[in-house]
Amino acid sequence: MTAQLLTGPAEPATDRTVVGENLSLPLFRTLSGVLAGHPYLKVVVDRAENTWHLLDTAAHPFHVNYIATCVLGMDLTALDAELDAFNASVYMDPERRFLLGVLSLHTDEDAEGRERTFLVLETTEADTMHGELLSFFYEFVRARVDGRLPLLLKPANHGQEEALAAISEQSVPRILSHELFGTRARTPLNPGEATGRLRFFRTHDEYLAQEAGLGWADIVAMPCLPDDVPRVAGFLNTAPITPLSHTNVLASGWGIPNAIVRDLEQLVEKDGLDGAWVRYRVREDEISLERLDHAPELQAPAWHQQRIRLEPPLLEDAPVLALHRLRSTDRDRYGTKAANLGELHHVLDSRTADLTAFYGRPRPPRENLHGHLAARLGLGGLHAAAPVDGQLRAAAAEFVAASVSAPNGVALPFALQQNFLASSTVLQQGIGKLKMALELDATDVLDSLCLQLQHLIRQTPLPESVARQIGQAFPADSGGRLVVRSSSNAEDLPGFSAAGVYDSVTTVHGTGELLDAVRQVWASLLSPRSVRLRHEVGISLDDTYMGVIIQEYVPASLGGVLVTCNPTRREDFRNVYLNCSPGSPEQVVEGSVLPQQYLYNTVEGGGRTVALGSWGDGLSAATRARLADLSLIGRLLQSHFSADDVDRPLDIEWLMTDRGDFRLVQIRPYAL
């Protein structure tokens with residue numbers, strides 16, 4: 001039995017593109033493909049000929065290829081040689097001959113609950129149509145589409161939204177992206193495929209009652225999965241979450257499918273899926289659940305055999321250091337998180353790092369994206385004479401250094417934690433018992449031993465020498481609020497991100513609270529969940545240490561997280577995904593609010609709103625423009641922090657101060 005939620009298009013045998021015909025619903029369905037569950041059709045309006053072309057989606061996946069080869073008589077080799085110039089002529093020239101767009105078919109309910117079918121017209125995200133062109137495009141298409149079908153224009157980016165602001169909605173009816181997709185029933189979050197047993201929980205209490213029985217072959221479905229969910233085969237959410245939630249970061253790091261399916265409860269009841277064995281697939285344009293007739297023969301997942309290798313930590317006495325004195329090579333003494341912040345200070349202060357490598361990589365048929373980067377940095381238009389490498393590097397370094405700052409603070413080395421643990425015989429005995437339980441795989445006593453150890457760590461007095469080093473880092477009379485973060489050697493690793501696994505304490509005042517917060521962060525290294533997750537991938541307790549970052553708290557007017565990729569489209573090298581909410585970024589990280597979500601194109605420029613989350617209004621145009629700059633900065637920093645593979649994205653936690661300045665408070669690899 002199959003519960004098919006979204007399906008992709010079948011491949012037609014021949015090209016059925018038509019020119020000049022009016023569009024009826026049957027013709028639309030004949031030519032359309034399916035993307036994200038919605039039938040869609042590519043259209044090209046030829047202003048010179050006063051006609052339009054309705055493209056067979058399967059035969060012509062790219063507008064520009066069709067125009068070049070089928071209308072202008074070019075060959076693909078010639079097009080590839082001038083691709084950027086050709087794109088500019090059809091997407092950016094205010095006097096352009098061709099207008100390119102997509103028509104998609106949607107269904108919702110009207111105010112009386114009756115089903116309503118309507119069409120949506122939009123351009124590509126990089127299109128810079130001004131208001132007059134957008135009006136012409138809409139009116140041209142409206143005149144040729146079945147009048148019984150409502151037609152709405154969807155601005156493709158913030159620039160088009162602003163261009164339409166002066167145009168009456170009566171003449172150009174419109175719908176914004178977050179209005180169209182913010183409440184859609186099914187949304188892919190992390191691609192993947194899994195075969196397992198579906199475990200459906202309607203409430204968090206139902207989940208807690210059966211949590212202990214969850215295993216690696218289960219697919220967990222509930223309104224919103226908790227951050228401490230164990231490692232399983234797949235996730236399904238029935239309530240909205242963001243692709244940057246902790247659980248989706250875990251899904252990405254673990255390589256398991258994750259999606260939002262709001263009507264899952266009806267599907268579960270209709271097809272008897274709770275407790276059934278299913279095959280679960282998540283793709284960009286497909287989310288499917290297939291019920292299996294019997295329990296399959298499953299092999300243990302790859303991560304059961306996976307073994308994460310840690311770099312040997314350096315445990316000799318090391319000083320408490322200001323963050324700006326660290327470099328990336330200090331991760332073996334202070335942890336990757338602290339070392340990355342030190343490296344960020346170096347990048348901003350020295351302005352010598354090459355931040356252009358991502359744009360220097362070939363993106364066929366382009367040799368590189370240097371011209372696009374030059375345009376983003378204000379060094380002339382895309383087709384101006386490209387600056388030499390040195391000029392482009394200098395401009396990129398200056399742009400980043402002038403736009404963001406790194407946090408002030410200190411880093412506590414692994415050695416400080418080691419000295420604390422070695423100071424107590426009771427702590428050493430507790431650690432010895434936990435090691436023995438791990439060696440014997442005594443899972444029945446593991447949690448209780450971990451909780452006892454955590455309690456001991458939080459209550460054991462610090463040796464005078466350890467307390468003195470921490471207290472001297474931030475004297476009690478400094479008076480400011482502090483933030484204390486983890487910086488373990490067992491996080492931010494390939495195959496083991498540990499997002500949300502270790503503690504941070506964000507409301508610390510005075511030396512007493514500071515010492516308590518440091519012990520809490522140290523204790524989080526021995527939480528039942530963190531110990532189990534590390535044990536599953538072969539990370540030994542003997543090799544695991546916790547450094548600590550102590551930062552000055554900075555009041556924020558806006559804060560959040562960005563990742564230098566599009567989490568739901570892995571092949572997309574253009575876009576950066578950004579989440580934010582008013583106030584502290586902790587609200588976004590902890591998932592206490594649904595953040596506003598934006599995508600910013602760091603190649604051609606422009607951005608668009610994905611969702612407004614818990615907030616009724618979007619950000620101002622000026623603030624959105626600042627976030628576009630921040631997204632470009634994240635992409636530039638990727639060139640340095642992912643130098644071994646410049647396509648490996650970063651996860652950056654940031655805030656905007658009350659003065660409007662950006663501060664980056666965390667940089668780490670984003671697991672794909």
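**View 1. Helix α13 lies across strands β17 and β27.** In this predicted model, α13 takes in residues 336–350 and runs at about 130 degrees to β27.

**View 2. Helix α13 is largely enclosed by the rest of the structure.** Of its 15 residues, 12 count as buried, and that's why we call it enclosed; the cut-off for buried is under 20% relative accessible area. Among them are Leu341, Leu344, Val347 and Leu348, and you'll also find Lys337, Glu343 and His345 in that buried set.

**View 3. Strand β17 pairs with β27 in the parallel sense.** The two are held together by 2 bridges, with β27 covering residues 662–669. Look for Ser405, whose bridge partner in β27 is Arg663.

**View 4. Seven strands line up in an open sheet.** Reading across, the order goes β17-β27-β26-β22-β23-β24-β25, and the pairing is mixed. β17 (404–405) and β25 take the edges, each with a single partner strand, so one side of each has no neighbour in the sheet.

**View 5. Strands β24 and β25 form a hairpin.** β24 (residues 596–601) and β25 (residues 607–611) run antiparallel, joined by 4 bridges. Gln597 stands opposite Ala611 in β25. There are 5 residues between the strands, and Gly605 has a positive phi near 95 degrees in this hairpin.

Notes. Residues are numbered from 1 along each chain as its sequence is written. This is a predicted model: local features need pLDDT of at least 70, side-chain atom pairs count only at pLDDT 80 or more; totals for chains, interfaces and linings use all residues. Side-chain values use heavy atoms; hydrogens and water are left out. Two strands pair if DSSP finds at least two bridges between them. Contact means heavy atoms within 4.5 Å. Axes are lines fitted to C-alpha atoms, for helices over the stretch in contact, and angles run from 0 to 180 degrees between N-to-C directions. Buried means under 20% relative accessible area, exposed over 50%, partly exposed in between (1.4 Å probe, protein chains only).
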